[in-house]
Amino acid sequence: MTPPARAAAAIEILDDIRAGQPAEARLIRWARASRYAGSGDRAAVRDLVFDTLRRLRSRAALGGGEDGRSLILGACRDEGADPALIFSGERHAPPPLTPAEQAAGRPPTATEATDLPDWIADRLQTDLGAEFLPVAAAMRERAPVWLRVNQARASREDARAGLARDGIDAEPDPRCDTALRVTAGARRLQGSGAFRDGLIELQDLSPQIACASIAAGPGTRVLDYCAGGGGKALALAARGATVTAWDAAPARMADLPVRAARAGVDIEVVRNGRPRGDFDVVLTDVPCSGSGTWRRTPDAKWRLTADDLQAVLAVQARILDEAVTLVRPGGTLVYMTCSLFRAENDAQIASFLDRHPRFSRHSARTLTPLDASDGFFAAYLIC
């Protein structure tokens, strides 16, 4: 595919996303229906769509509208490319720009340049203070690709060597002894021997740091109460903890047994009923706004509403109130979100401690994209 043909595909996909279709699902459908598109074409179209969603408001201003054509026109102007080379009308290229389209567009305002909805920008300005603008700027860029080295299978250097054999370069990060940042060859990861043999897992730096802060080693009984795909359960099991996984939607854990077998760890998956017992550590990685991950899922920030946020706050509080019954005396309740909103983080913990005074806040940490990771919050509460 030529660059104009890729732009034409992106225009169609963006129009469908703006009409309400999830970005990932729409891109998968396009790829399956476009057998003429090679892996490089699929990657290029994906990058164009996601880069534009990250910068939707500023590119809409530059292009004069929020439809697919205007957004790609805005992308051309944003990147200093000649729109006439893309909108040529030749072969599979988008039709030429009309005089009205050529005249449309303007520089984005300061608010538009944050590339956030107004109500979200207002909240994050209050919540983040002086860090707001740098965080907003970082969220307009692609997120790094991070790997967690599976300590049950390999050392970090062994994992790096295995990746290198498949043409993947990865650098260690001093903030976490399991973390590798991919610097080249990221698209080869899932076909690599290191992945197939369980030496590494895709996991952002932030949850790696948060899991490494949990006092959980051999003999520690851990319950992952909102296990989902099981990334954090796998990380804790690799350190020797005895891990039980549960999720209110068991289908989310469907791949966990296969992942655990590949990683060489044992995880008890509770599928029927609720978990029972007193655990040393209960981990609640709760549903949240996902605001810390918007570099990876940029369409989500344009779908989130204030009502959605209020609804998820109620779910988080309910999960915490359920989880306390499973923490043994002297044990630890860990609360995690991939959110930047104070209402989901410090404020949620303050409300919990008011309801459950037998718990105390041992520590808490907020990470942002300024730390080269997803936005993330973790609080460690002692019973």
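This briefing describes selected helices and strands of the structure above. The model is predicted: local features need pLDDT of at least 70, side-chain atom pairs count only at pLDDT 80 or more, and totals for chains, interfaces and linings use all residues. Residues are numbered from 1 along each chain as its sequence is written, and side-chain values use heavy atoms, with hydrogens and water left out. Helices (H or I, at least four residues) and strands (E, at least two) are DSSP runs, numbered from the N terminus.

**Helix H3 and its surroundings**

- Helix H3 covers residues 39–54, which makes 16 residues, and spans 22 Å from its first C-alpha to its last. This is close to the 22 Å expected at 1.5 Å a residue, where the expected span is 1.5 Å times one less than the number of residues.
- Buried residues of H3 (buried means under 20% relative accessible area, with a 1.4 Å probe and protein chains only) include Asp 41, Ala 43, Val 45, Leu 48, Phe 50 and Arg 54.
- The buried residues of H3 pack against helices H1 (3–18), H2 (23–33), H4 (56–63), H5 (68–79) and H15 (300–303).

**The H2–H3 crossing**

- The axes of H2 and H3 come within 11 Å and cross at roughly 155 degrees; axes are lines fitted to C-alpha atoms, for helices over the stretch in contact, and angles run from 0 to 180 degrees between N-to-C directions.
- H2 is therefore roughly antiparallel to H3, a term applied to angles over 145 degrees.
- Contact (heavy atoms within 4.5 Å) is made by Ala 23, Glu 24, Leu 27, Trp 30 and Ala 31 of H2. On H3, the contributing residues are Asp 41, Arg 42, Val 45, Arg 46, Val 49, Phe 50 and Leu 53.

**The four-stranded sheet**

- Four strands form an open sheet in the order E2-E3-E1-E4, with antiparallel pairing; two strands pair if DSSP finds at least two bridges between them.
- Strands E2 (169–172) and E4 (200–202) stand at the edges with a single partner strand each, so one side of each is left without a neighbour in the sheet.
- On average, neighbouring strands of this sheet are turned by 40 degrees against each other, direction ignored.
- Strand E1 (residues 145–149) runs antiparallel to E4, joined by three bridges, and Leu 147 stands opposite Leu 202 in E4.

**Strand E9 and its partners**

- Strand E9 (residues 327–337) is mostly covered, with eight of its 11 residues buried.
- Strand E8 (residues 279–285) runs parallel to E9 and is joined to E9 by six bridges; Phe 279 stands opposite Val 327 in E9.
- Strand E11 (residues 376–382) pairs with E9 in the antiparallel sense over six bridges, and Val 334 stands opposite Tyr 380 in E11.

Note on methods: Buried means under 20% relative accessible area, exposed over 50%, partly exposed in between (1.4 Å probe, protein chains only). Angles under 35 degrees count as roughly parallel, over 145 as roughly antiparallel, 65 to 115 as roughly perpendicular and the rest as oblique.
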